[in-house]
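Subject: Structure handover and notes

Dear colleague,

Please find the structure below, followed by notes on what was found in it. The notes go through charged pairs, aromatic rings and strand pairing in turn.

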Amino acid sequence: MLSHQDNELLCRVEGDAPMGKIMRSHWLPACLSEEVAEVDGKPVRVRLLGEDLVAFRDSDGRVGVVDEKCPHRKASMALGRNEECGLRCLYHGWKVDVEGNVLEMPSEPDGSSLSEKVKVKAYKTHEAAGFIWVYMGDQENIPEFDPPVFQPSPDTKISIAKTKIDCNWAQILEGAIDSAHSSTLHSTDMVPARKTQAEADDQLWYRPSTDRAPRMQVEETPFGFRYAAIRRPIKDAKTHDYVRTTLFIAPFTVQIPPNNRYNIAILHIPIDDTHTAFHFIAWGDKSTTPDTESWRKFLALQVGIDLDQSFNRFNTYANDYGQDRIIMKTGESFTGIRGIPNQDIAMWETMGAIADRSEDRLGASDLAIVQFRRQMVRAAKLVAEGGAVIGTTEPRIRHSELKSFEGIVPKDTQWRNLGRAPGEEPLAEPKAEVEEPEVVAS
């Protein structure tokens, strides 16, 4: 449980909120590269941390992310003409480049020096791994871009599904680090099987365990934390454990365990205090990682079928997320909702725009949730006091070297040494555990 004050620290990102400052101190995905693929193409509205922006690719292929409002009379530049290396406002023709310079003011007299005195808010951008990234912090001290966890090499195949969710970023991220819910909520799509590891095909994910109550252990790290969900395997249960490790890479990335075909990461990017851009990413070998459209079909997040062109879902709270009660009765589906992320979204949004964590009743399976809340509230308080931002101090580990793990291992295996990055020292002895939350009866 969290106090109202700590819940506000955890969730709020707009304005001068400490959590917003943490986000601004990291490179953030503003939009997908495919959204601004065309040179001189349609500008795209982008809302990040409560700011209304517009992204566009200019005549030279450079991508700008600038204030949506024209500096003249505040008309929307998202409706503007993208031409000749600039975005031109329809109202009076003022033209802005990717760096926020006003290039032309045709409504002003010849010889006017006004353009030299006007500068539009523009954020530094970097294109990589299927995204246009922006740095929204101090533009005079921009850190080097660190490739994300899902781009360990330049030729990695990456497939991204995206949608917008009508609730706060933190409750969505808590869902990504909640290993225990998958055995219930996703039981139709993640099924037990007598296999030696997690596997996937075009319809289902398979796990070598029927254990619905994993033992949870957590280790804090310089990048955030990793935790293990330890279950009884179907085979060799007396001598082995089935271990799945998940990484929280502060402040918004979760790397969940892989399967035999691809790896998986999830990005939770705050649009504002009560809306989130959600990205479910598969990556890995070109021969086994699904292509983008197949991945989106598997997740029921296809543009034109499940989503509109702006990645808004057709199935929402208003229509009970497209829930089909008939297939629930026949046993075809536990939830009646198509797609693993859509099942999650129904849970997250129905908690409210910002969940009231003061009313939570947590159990032993919520250990990672407790760690996330403690760590990020602590990080927000540190920033509010003028301290360092989580994930920006030494020792730093390149995110592209981080790995999660899943597999059946002998019971005496030290899980903390499984999948550690090259820059991380192996642990001879486990560090102190985060204390388990008290189970409070409702």
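To begin with one side chain: is Glu-104 buried, partly exposed or exposed? Glu-104 is partly exposed, since its relative accessible area is 32%, where buried means under 20% relative accessible area, exposed means over 50%, and partly exposed lies in between, with a 1.4 Å probe and protein chains only.

Before going further, please note that this is a predicted model, in which local features need pLDDT of at least 70 and side-chain atom pairs count only at pLDDT 80 or more, while totals for chains, interfaces and linings use all residues. Residues are numbered from 1 along each chain as its sequence is written, and side-chain values use heavy atoms, with hydrogens and water left out.

Charged pairs

Side chains of opposite charge can pair when their charged atoms come close. The structure contains 31 salt bridges, a salt bridge being a side-chain nitrogen of Lys or Arg within 4 Å of a carboxyl oxygen of Asp or Glu. Glu-104 takes part in one of them with Lys-95, at 3.9 Å from N to O, and Lys-95, with a relative accessible area of 2%, is buried.

Another salt bridge joins Glu-174 to Arg-373, whose closest N and O atoms are 2.7 Å apart. This pair links distant parts of the chain, as Glu-174 belongs to helix H3 (residues 169-176) and Arg-373 to helix H8 (residues 367-384), 199 residues apart; helices (H or I, at least four residues) and strands (E, at least two) are DSSP runs, numbered from the N terminus. Both Glu-174 and Arg-373 are buried. Elsewhere, salt bridges with shared partners connect Arg-81, Glu-83, Glu-84, Arg-88, Lys-95 and Glu-104 in one network.

Glu-68 and Arg-45 also form a salt bridge, with the closest N and O atoms 3.0 Å apart. Because Glu-68 lies in the loop between strand S4 (63-67) and strand S5 (81-82), and Arg-45 in strand S2 (residues 44-48), the pair ties together parts that are 23 residues apart in sequence. Glu-68 counts as buried, at 7% relative accessibility.

Aromatic rings

A search of the whole structure gives 14 aromatic pairs, for which rings of Phe, Tyr and Trp (its six-membered ring) must have their centres within 6.5 Å, with planes under 30 degrees apart counted as stacked, over 60 as edge-to-face and the rest as tilted. Trp-27 and Phe-145 make an edge-to-face pair, because their ring centres are 5.7 Å apart and their planes stand at 80 degrees. Trp-27 is in the loop between helix H2 (18-24) and strand S1 (28-32), and Phe-145 in the loop between strand S10 (131-135) and strand S11 (157-165), so the pair ties together parts that are 118 residues apart in sequence. Trp-27 and Phe-145 are both buried.

The pair of Phe-225 and Phe-248 is tilted, at 5.4 Å centre to centre and with 50 degrees between the planes. Phe-225 is in strand S16 (residues 224-231) and Phe-248 in strand S17, 23 residues apart; Phe-225 is buried at a relative accessible area of 0%, and Phe-248 is buried at 0%. One aromatic cluster is formed by Trp-205, Tyr-262, Phe-278, Phe-280, Trp-295, Phe-298 and Trp-348.

Strand pairing

Strand S17 (residues 240-249) and S18 pair in the antiparallel sense over three bridges, and form a hairpin with three residues between them. From S18 (residues 253-256), Thr-253 and Gln-255 point one way while Val-254 and Ile-256 point the other, and all are buried. On to strand S19 (residues 263-272), S18 pairs in the antiparallel sense over four bridges, with Ala-265 as the bridge partner of Gln-255, and a hairpin of six residues joins S18 to S19.

A separate open sheet has six strands in the order S1-S10-S9-S4-S3-S2, with antiparallel pairing. S1 and S2 are its edge strands, each pairing on one side only. Within this sheet, strand S3 (residues 51-57) and S4 pair over five bridges, and Arg-57 stands opposite Val-63 in S4.

Conventions
Pairing = 2+ DSSP bridges.
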